[in-house]
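Please read them with the coordinates open.

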Amino acid sequence: MKSFRIDQNVMLSHDSVEKSFLIPSRGKRDRPDVKAVLDNLENEIQILTEMLLQGEYIPTTHDAVIINEKSYQKERKIVKPDYKYDQVVHHVLVQAIRPGIEKGMYDYVLGSIPGRGQHRGARRIEKWIQTDPVNTKYVLKMDIRHFFESVDHDILKAWITKKFRDEYVRELLFLIVDAVEMGLPLGYYTSQWFANFLLQPLDHYIKEVLKVKYDGRYMDDITCFGRNKKELHTVRRAIDAYLKEELHLTMKDNWQVFRFEYEVEEYAIECQTMRELTALGDELEKARIRHTLKTHKKRRKIFIKVASVRNKQDKLERLLKQYHGKSEKLTMVYGRPLDFMGFEFHRNRTVMRKGIMIRLNRKARQVSRQEKINPKDAASLLSSMGWVRHTDTYGMYEERIKPIINIKKLKKVVSKNQKKQNQEAKKKNGNQMANRNGVTGAEAGGDRQNLQ
């Protein structure tokens, strides 16, 4: 691992600290505590800079709040840090350490990194499974048990010491790490970066030591592709051992190794009576023609792979005449699709996860029943339509959502509500113009704020 030096003067420069105040304020500038800081921004920048330089910053202790995360149907404990000054300090640190973390990051780390989201991961996985079916024949899917709560502070701080040379930055990072007794708190902006940084050695181990050709990691969810089950079981055992010995983490027991979805051309044979179907099966057994008996469309049928009877076509036709059998050529789908990052990957298409589809349809029905559409519900539904846009589910949209929802009408509702909010904000601020960061300028003829 190459070490990385951080310039303290750059980290605590006026522009950097100002940016760290403005970014976390987005979406909450109407809150009194945030507004009070932004109205006195220059003074607050000076206070925080001096506080950090003199080593007087002490993280505030916060109680965890339990929230229900609908997209994953889980309850999570979230720690909400104060905007003044905890969130700002987190952003100051991340701006400083981000180049060092990204420099050694594996290309397909897909969670909580700007520009490396679900859609990038989906495009890459689609390319793998469509262009290289041999090396994507089997899938290993696993994740780490209680990852954020189980992070060992000593191991994380040891990696921070190896990576970052500046003693001042190290001490500040240790202060954030030790703000909670154990693990990394969900809700801290630093936690997602610390998590990806801690798992970097695992990414390199999978790629460089275990030689896995195709793999991706979405935070603590890991997916590897391989040409056979034995290979993937070996990879799974090696990753489990690495997690325990090097990172003091544990793999969840619900790991899976399975055959990825594939298609087979087969003959589906049906006879007039069940007795004839059974007798036909016995004759096929004597002729050493491999077959399976199963129910298809509520009828018992014999299935034979087309490839297995190419040299025995005459014999098969003779048996069909003898037992009054009718054959139909079908393309049957076997194996399982991959459920990852909210997508369900098939060999020839990508759809949204079933739970997400159900909630999208439920939200559409709820909005369709409203006499006057709630702007919040309209914005939520429009946001969820991104799943339709980035998956092969337009048929579902045409059948279930388009007949009851007018997308143009929803956009007008959201636009009208936003204009109303802008007018109210303008009146509240005394018709002052705001800059691109949403911070109002001084009165006409007065001193201008030093904002870029």
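1. Which residues of H4 and H5 meet? On the H4 side they are Glu44, Ile47, Leu48, Met51 and Leu52, and on the H5 side Lys84, Tyr85, Val88 and Val89, where contact means heavy atoms within 4.5 Å. By class, this contact has seven nonpolar residues, two charged and no polar. Ala, Val, Leu, Ile, Met, Phe, Trp, Tyr, Cys and Pro count as nonpolar, Asp, Glu, Lys and Arg as charged, and the others, Gly among them, as polar.

2. The model is predicted: local features need pLDDT of at least 70 and side-chain atom pairs pLDDT 80 or more, while totals for chains, interfaces and linings use all residues. Residues are numbered from 1 along each chain as its sequence is written, and side-chain values use heavy atoms, with hydrogens and water left out.

3. Helix H4 spans residues 41-53 and helix H5 residues 83-103; they pack at about 65°, with axes 12 Å apart. Axes are lines fitted to C-alpha atoms, for helices over the stretch in contact, and angles run from 0 to 180 degrees between N-to-C directions. The two helices are therefore roughly perpendicular (65 to 115 degrees). The crossing of H4 past H5 is right-handed, meaning that the near helix is turned clockwise from the far one by less than a right angle. Helices (H or I, at least four residues) and strands (E, at least two) are DSSP runs, numbered from the N terminus.

4. Thr49 also belongs to H4. Its relative accessibility is 15%, so Thr49 counts as buried (under 20%; exposed is over 50% and partly exposed in between, with a 1.4 Å probe and protein chains only). Beyond its neighbours within four places in sequence, Thr49 contacts Leu12 and Val17. Its C-alpha atom is 8.3 Å from that of His14, 35 residues away along the chain.

5. Please check the peptide bond between Lys84 and Tyr85, which is cis with omega about -5°. Tyr85 lies in H5, and both residues are among those meeting H4. Most peptide bonds are trans, and most residues other than glycine have a negative phi.

6. His248 sits in the loop between helix H12 (229-247) and strand S6 (256-259), and Met341 in the loop between strands S11 (338-340) and S12 (343-345). Are they buried or exposed? His248 is partly exposed because its relative accessibility is 46%; Met341, at 3%, is buried.

Methods:
Angles under 35 degrees count as roughly parallel, over 145 as roughly antiparallel, 65 to 115 as roughly perpendicular and the rest as oblique.
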